[in-house]
Amino acid sequence: MTVIAWILEATWPACVDATRRHAPPDADIVLLHVTDPDTAQVAHGAYAGLLGRGQPRRDPGIQVQDFAAATAHKLLQDAAARLARRCTTVQRTGRVETEVIAAADGAELIVLARDGDCSHLGPHSLSHASHYIVDHAPCPVLMVWPGTPPSISTQRPPPPHPPHPPPPPPR
């Protein structure tokens, strides 16, 4: 059994703890971090457009990219230490939601934590990427709260619906 745990800066402890609790002892666990390259590209574009192109060594896009890779590596090391089980760490770069789905090809479970507004129950507790992953996952998804779940009283009421029309008369 292969279990993919999506590791994010804000929610990784909850994902690791859920993986440790729910993955069978013989599972192949993959701790996955995905870096979106857009931030480094924006920094590079600003440098190229506003500050000139003459000194590539001063390009902040390269520095941002290197910092993101080092941060991801450290995050995965911390996650592996917390998991305290045999696992594989994988760093990918690309559009986050599609990279997670691609990594999950052939897996039996994806573990992810809610990464949106976690102050109340509802769909806003999922970011765009998490919502995409849930909708497109090629395997079951274990969704966990990154902390204590909010009270059931935080659930918003359903929208009002018009009454159902009466059924048509029998023929």
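Is Asp28 buried, partly exposed or exposed?

Hello everyone, and thanks for coming. What we have here is a predicted model, in which local features need pLDDT of at least 70, side-chain atom pairs count only at pLDDT 80 or more, and totals for chains, interfaces and linings use all residues. Residues are numbered from 1 along each chain as its sequence is written, and side-chain values use heavy atoms, with hydrogens and water left out.

Let me start with the overall layout. The protein has five helices and five strands; these are DSSP runs numbered from the N terminus, with helices being H or I of at least four residues and strands being E of at least two. Reading from the N terminus, the order is β-α-β-α-α-β-α-β-α-β.

How much of the protein is buried? Of its 171 residues, 35% count as buried. Here buried means under 20% relative accessible area, exposed means over 50%, and partly exposed is in between, with a 1.4 Å probe and protein chains only. The protein exposes about 10,500 Å², and carbon and sulfur atoms supply 58% of that; accessible areas come from the Shrake-Rupley method with a 1.4 Å probe, and for residues only the protein chains shown count as cover.

Now to contacts, meaning heavy atoms within 4.5 Å. Among contacts in the protein with a separation of 6 or more, 77% are between residues 24 or more positions apart.

Next, the salt bridges. A salt bridge is a side-chain nitrogen of Lys or Arg within 4 Å of a carboxyl oxygen of Asp or Glu, and the structure holds six of them. One of them joins Arg82 and Asp17, with the closest N and O atoms 2.8 Å apart. Arg82 sits in helix H3 (residues 60-83) and Asp17 in helix H1 (residues 12-22), so this pair ties together parts that are 65 residues apart in sequence. Arg82 is partly exposed, at 36% relative accessibility, while Asp17 is buried, at 16%.

Back to the opening question: Asp28 is partly exposed, with a relative accessible area of 38%. Its salt-bridge partner is Arg86, with the closest N and O atoms 3.3 Å apart. This pair links distant parts of the chain, as Asp28 is in strand S2 (residues 28-35) and Arg86 is in the loop between H3 and strand S3 (88-93), 58 residues apart. Arg86 itself is exposed, at 55%.

Arg95 and Glu97 also meet through their side chains, at 2.7 Å from N to O. Arg95 is exposed, at 52%, but Glu97 is buried, at 6%. Elsewhere, salt bridges that share partners join Asp17, Arg20 and Arg82 into one network.

Finally, look at strands S4 (residues 109-113) and S5 (residues 141-144), which pair in the parallel sense over four bridges. Strands pair if DSSP finds at least two bridges between them. Val111 has Leu142 in S5 as its bridge partner. From S4, the chain passes through helix H5 (residues 128-136) to S5 in a right-handed β-α-β crossover; right-handed means that, with the strands pointing away from the viewer, the path from the first strand over the helix to the second runs clockwise.
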